[in-house]
Amino acid sequence: MPEKKSGTGPSNRVMTLFVCFLAALAGLLFGLDIGVIAGALPFIAKDFDVTAHQQEWIVSSMMFGAAIGAIGSGWMSSSLGRKKSLMSGAILFVIGSLLSASAANPEMLIVARVVLGLAVGIASFTAPLYLSEIASEKIRGSMISLYQLMITIGILGAYLSDTYFSFTGAWRWMLGVITIPAMLLLIGVCFLPNSPRWLAAKGNFRDAQRVLDRLRDTSQQAKEELDEIRESLKVKQSGWSLFKDNGNFRRAVFLGVLLQVMQQFTGMNVIMYYAPKIFEIAGFANTTQQMWGTVIVGLINVLATFIAIGLVDRWGRKPTLILGFLVMAAGMGVLGTLLHIGIDSQQMQYFAIGMLLMFIVGFAMSAGPLIWVLCSEIQPLKGRDFGITVSTTTNWLANMIVGATFLTMLNTLGNANTFWVYGALNLFFIVLTLMLIPETKNISLEHIERNLMSGKKLRDIGSR
Ligand code: BGC
């Protein structure tokens with residue numbers, strides 16, 4: 001019997017893409033706020049005459065806010081829904097950007113950055129979750145990678161805008177322009193539908209069906225998906241009580257934590273936050289060179305994310321991750337070796353930068369997007385908010401640790417050893433990927449859940 005069509009297939013696909021694009025705008029804000037501070041900090045430091053310690057606070061207050069935001073958004077997105085959660089994130093983005101641009105003293109700026117952090121925490125929790133619940137299994141990986149692409153475009157945009165405003169030292173403009181995309185996100189979010197999985201979890205099956213009808217090619221597909229969702233809602237417990245009583249769910253939470261620790265300990269943010277410093281270590285003394293070098297880092301990060309978007313639903317998550325860790329290990333390892341030998345010619349300088357860029361390619365094509373993809377796929381529906389809260393909070397705490405220990409590592413271990421440590425960690429992550437990480441390509445979230453809850457090995461929960 002031919003399948004009954006609901007609406008026209010292609011137009012539903014365009015609708016899904018549009019919805020995903022709007023949700024992914026949250027990633028742009030995430031990236032802008034990560035990237036903006038590097039270029040603004042020297043001018044803020046001069047204007048306010050702040051100590052090094054205060055500067056550290058100006059930078060890390062955002063990550064602190066993000067960890068709190070991620071913790072709170074688990075509750076928020078389950079009680080108010082993913083859409084309203086994203087909306088409150090967008091409002092906080094607007095308030096935080098305005099407050100930081102108009103801060104009268106360092107204390108106010110720190111408070112403003114905590115508000116921005118709350119927004120980033122909410123966005124980094126809700127957007128991938130929402131995307132995983134909206135997209136069909138065939139394009140789920142690429143859609144969540146689209147979110148990562150937006151993060152990288154945000155970082156690059158911030159580097160470029162910092163460079164533009166740096167000629168006049170207008171740090172208030174650097175921080176203030178972010179209000180514009182924040183407003184756009186706020187407007188965009190108003191047009192998003194609620195997540196069908198959240199609607200169903202709230203017992204609202206009729207609306208869930210309606211949303212799925214608009215997003216899937218045929219009403220048969222929509223109906224089958226809703227049946228699967230209904231099935232996974234039969235688990236009675238949720239969140240914390242599920243965590244306490246169900247060992248299978250605890251394994252998924254553990255996997256989420258591990259994945260985010262792995263992402264952060266690749267060492268990516270060492271480069272995001274300290275790129276100019278690394279250029280200096282590699283022998284580029286001139287600030288203009290360091291600034292443009294940083295912009296190139298941002299650009300490569302964007303471009304290489306397209307590799308992930310192309311590979312994730314074809315090659316799958318695991319091979320892409322393994323290749324990425326290998327490239328990152330090589331980048332960090334060779335960079336460490338060059339620093340050990342001593343970089344004393346121009347060729348060596350360029351070779352060192354090549355290695356740094358190779359590392360960025362490795363991250364952007366693998367761990368950058370794929371960790372977010374996997375974290376939003378492995379949790380069972382009833383524990384999804386709890387599980388992703390824990391993994392996203394881990395992302396921010398690990399991010400803070402990496403950012404706060406890099407300079408100390410350079411001082412105590414030395415430059416070469418510091419990079420070697422990160423190289424070795426990336427090699428170790430290949431072993432962990434082989435042993436523990438599942439392949440989730442082309443499998444529905446409900447199928448993954450059935451495998452997990454029936455006690456299959458973690459690395460097998462994506463098998464048919
Ligand atoms: C990470 C961030 C990182 C960014 C770089 C994200 O996936 O979570 O910590 O700064 O990628 O592109």
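In this predicted model, the lining of the second largest pocket is made up of 11 charged, 5 polar and 4 nonpolar residues. The space in this pocket comes to about 430 Å³. Of the 20 residues that line the second largest pocket, Ser136, Glu137, Arg216, Gln221 and Glu225 are those nearest its centre. Helices α1, α10 (219-232) and α20 (445-453) each contribute at least two lining residues, and the greatest share comes from α10, with 4 residues.

The largest pocket holds about 1,100 Å³ of space. Its lining counts 34 residues, and Ala38, Leu41, Val59, Tyr273 and Tyr274 are the closest to its centre. Two or more lining residues come from each of α1 (9-48), α2 (52-79), α5 (140-166), α13 (268-281), α14 (287-311) and α18 (384-413). Sorted by class, the lining of the largest pocket has 19 nonpolar, 11 polar and 4 charged residues.

Turning to the chain as a whole, its secondary structure consists of 20 helices and 0 strands. A compact globule of 464 residues would have a radius of gyration near 23 Å, and the 22 Å found for the protein chain agrees with this. Along the principal axes, the C-alpha atoms fill a box of roughly 70 × 45 × 45 Å. Of the 464 residues, 58% are buried. Among contacts with a separation of 6 or more, 81% join residues 24 or more positions apart. The chain exposes about 18,100 Å², with 68% of this area supplied by carbon and sulfur atoms.

Key:
Residues numbered from 1 in each chain as written. Predicted model: local features only at pLDDT ≥ 70, side-chain atom pairs only at ≥ 80, totals over all residues. Heavy atoms only, no water. 1 Å grid on protein atoms, 1.4 Å probe; cavity = no way out; pocket = protein on both sides within 12 Å on 5 of 7 lines; lining within 4 Å. Points joined across faces, edges and corners; volume = space filled by probe spheres on them. Nonpolar A, V, L, I, M, F, W, Y, C, P; charged D, E, K, R; others polar. Rg over C-alpha atoms; globule rule 2.2 N^0.38 Å. Buried < 20%, exposed > 50% of the residue type's maximum accessible area, 1.4 Å probe, protein only. Contact = heavy atoms within 4.5 Å. Areas by Shrake-Rupley, 256 points an atom, 1.4 Å probe, with all protein chains shown as cover.
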